Every structure is written in C-alpha cells, then in structure tokens.
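The sequence and structure come first.

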Amino acid sequence: MAKCAFIGLGVMGYPMAGHLQKAGHSVTVYNRTSSKAEKWAGEFGGSFAETPAKAVEGAEFVFCCVGNDDDLRSVITGPDGALEGMASGSILVDNTTASANVARELYEIAAKQGVSFIDAPVSGGQAGAENGVLTVMCGGDHDAFEKAAPIIDAFARSCKLLGESGSGQLTKMVNQICIAGLVQGLSEAMNFGTKAGLDMTKVIDVISKGAAGSWQMENRGQTMVDGKFDFGFAVDWMRKDLGICLDEAGRNGARLPVTALVDQFYAQVQGRGGNRWDTSSLIHLLAND
Ligand SMILES: NC(=O)c1ccc[n+]([C@@H]2O[C@H](COP(=O)([O-])OP(=O)(O)OC[C@H]3O[C@@H](n4cnc5c(N)ncnc54)[C@H](OP(=O)(O)O)[C@@H]3O)[C@@H](O)[C@H]2O)c1
C-alpha cells in the first residue's frame, strides 16, 4: 500500500481520491476550496492539507485533477505547489485534460528534481469516476508507469502507456475529436427522425444494435430526443478540450474541418446559456432553431 496525495477534488477528483483511499492507500488531499477537502476526509477517512506542497509531504505518488493548463501550472509549479514538497523518486500522475505541451513542460521541470511526471487524462465521465472504471491514457517513462499503474487501478478499468510524455494527452485529443463529430451526426439523426414523425424510442432500440450504434447513441440518444441536458460532461469543458485539439492540429498539420465546425456549434450552445449542459446538447440548436 502506498502513501498518496490527491490535488483537485472536483466532480472527477473527489471520487477518484476516494477509490485510492478505499483500496487501502494512505491519501492526503488538497482542494482550493478547503471545505470540499474537509468533507472528503470526513467521508473517506484520509487526511487533508492546506497547500499542495503540504499535501505531498512524504507521498510516493501524487495525483492531480484540476481544470486546464493554467490551473495545472498553479498547483504544480506555483507558490506552495506540489513540486515544492515532492521528493526525488516520487511520481506525479496528472489526470487533468490539458495540452501535450504543458505535459512535456512539467515533465522536464519535474525531472530536474528527480520526480517522474506522467500525463494521464481520463475518459468515462462522472459515472466512470464514481464507479472506479475510468479509462486512463498515459504518457511518460516506462519504469514510472509500471510503478504507477497498480495504484491507478484503484479507479480505472483500463490503463495504458501510449508513449513518451504528452502521448496521454494526444490520445485524449483523438478521443475528443471522435466524440465531437459523432455527437453532431447523432444530433442530426435524432432530430431528423423526430421531424419525420418516427417513434424514436423504437428507432434507437433497433439501430443501436447495428452499424450506427455507439456509446453516445445508447446512453444519450433518448435524452437528446427528450431535450434533457442537465448532467454529464459540460459544454465548457468540451470547448476547452476542442481548443486544445485545434491548437495541436495547427502544429502537426492535421485538418479538423468537422471538429472546428462542431466547436463553433458548441459556442452557440454556450450563447444559449448551455455552459454546464451535457455535450449532447448540440441537438438543441437543431430542435429549437
Ligand atoms: N467531468 C467529466 O465528466 C470529465 C471527464 C473526463 C475528463 N474530465 C477532465 O477532468 C478535469 C477535472 O474535471 P472536473 O469535472 O472534475 O472539474 P470540476 O468539477 O470543475 O473540478 C475542478 C477541480 O480543480 C480545482 N481547481 C481548478 N482550478 C484550480 C486552480 N487554479 N487552483 C487550484 N485548484 C483548482 C477545483 O477546485 P475548487 O473546488 O476550489 O473549484 C476543483 O477541485 C478537467 O480537465 C476535465 O476536462 C472531466
């Protein structure tokens, strides 16, 4: 069993840190809004600290799940950040969805003090975090990954090393590009079927078992038809992720015409007040134009 720290107790981090503690590891948490850290310690029996630097004292593994690149820099390399307190030989696993560039930057800075940095964004959403069945996409050094993987298993169903530092974030970008185009196609199909007067419950039931089937259709098809978006992965987060994808594509030369268009559709959803709606809310633009 390992001594761990967890920084960032949001929708994802809170249950992920809980799974580490429940697996028998000794976990100290830090959260900017300290009431959440106190609540977490009361619920799971671990301890909490007032700064990232204090939370990581003596930790062999430090996990982090905050919002974006700037948030990550602030809790890792900022004043009282995690790297101030981490010892040589310890491992920093970052579960934030961030850019590949910030992953490489933090990998280099951490290496200078003998700390291994693994970019390890996740997929599976709030339910995946709560049920401890996330998919974890890792980039970094093989030896550090081999040590961290059994610990990550506490909240993961699948955990893979995809390559050198940044590869985890690049894989998450591939994941988000797949989702963007797919959700727009699904929105158009669900809206078309509704306008054609079909019973969409029956339609989804039959076609989800064929070539058009997808996780999105099975889990979101009916709620899209019903106009329910008050759950799931927020449009604001998706726009952050697509921004990262489009930036990276600007560097590697990949064309992302559909992704760029869908990003603009999400901007329109934000304009309708849908910042915290689920990503399936693209259909709102078609059903309520
Ligand atoms: N939600 C999902 O379904 C999902 C799925 C896959 C990946 N992700 C990714 O996972 C990450 C976290 O998502 P989430 O849904 O857990 O977000 P969230 O609920 O908004 O939580 C964000 C966490 O980061 C902390 N934080 C943000 N900025 C900070 C800063 N500058 N300094 C210190 N702490 C800071 C917040 O602290 P406070 O409590 O003080 O605000 C909170 O603990 C994001 O990168 C997201 O894209 C989310």
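## Annotated spans

Residues 166-286 are 70% helix and 0% strand, and the end C-alpha atoms of this span are 36 Å apart. Helices (H or I, at least four residues) and strands (E, at least two) are DSSP runs, numbered from the N terminus. UniProt, in an unreviewed entry, annotates residues 166-286 as "domain: 3-hydroxyisobutyrate dehydrogenase-like NAD-binding". UniProt positions follow the numbering used here, with feature names shortened, and annotations may be inferred rather than shown by experiment.

The model is predicted: local features need pLDDT of at least 70, side-chain atom pairs count only at pLDDT 80 or more, and totals for chains, interfaces and linings use all residues. Residues are numbered from 1 along each chain as its sequence is written, and side-chain values use heavy atoms, with hydrogens and water left out.

The feature "domain: 6-phosphogluconate dehydrogenase NADP-binding" is placed by UniProt (unreviewed entry) at residues 4-163. That span is 42% helix and 24% strand, with its end C-alpha atoms 24 Å apart.

## Domains

An automatic or database domain assignment gives the bounds of domain 1 (3-164) and domain 2 (170-288). Taken over C-alpha atoms, the centres of domain 1 and domain 2 are separated by 29 Å. In the contact (heavy atoms within 4.5 Å), 13 residues come from domain 1 and eleven residues from domain 2.

## Ligand shell

The ligand is surrounded by 24 residues, and the closest are N31, T33, K36, G67 and K240. A residue counts here if one of its heavy atoms lies within 4 Å of the molecule. Domain 1 and domain 2 each supply at least three residues of the shell. Helix 4 (69-76), helix 7 (125-131) and helix 12 (235-252) each supply at least two; helix 4 gives the most, with three residues.

## Polar contacts and cover

Polar contacts are pairs of N or O atoms within 3.5 Å. A polar side-chain atom of K36 is 2.6 Å from a ligand oxygen atom, and a polar backbone atom of V66 is 3.2 Å from an oxygen atom of the ligand. For D71, a polar side-chain atom lies 3.1 Å from a ligand nitrogen atom. On its own the ligand has 890 Å² of accessible area, of which the protein covers 88% (Shrake-Rupley method, 1.4 Å probe).

Note on methods:
Polar contact = N/O pair within 3.5 Å; in protein donor to acceptor, adjacent residues only side chain to side chain.
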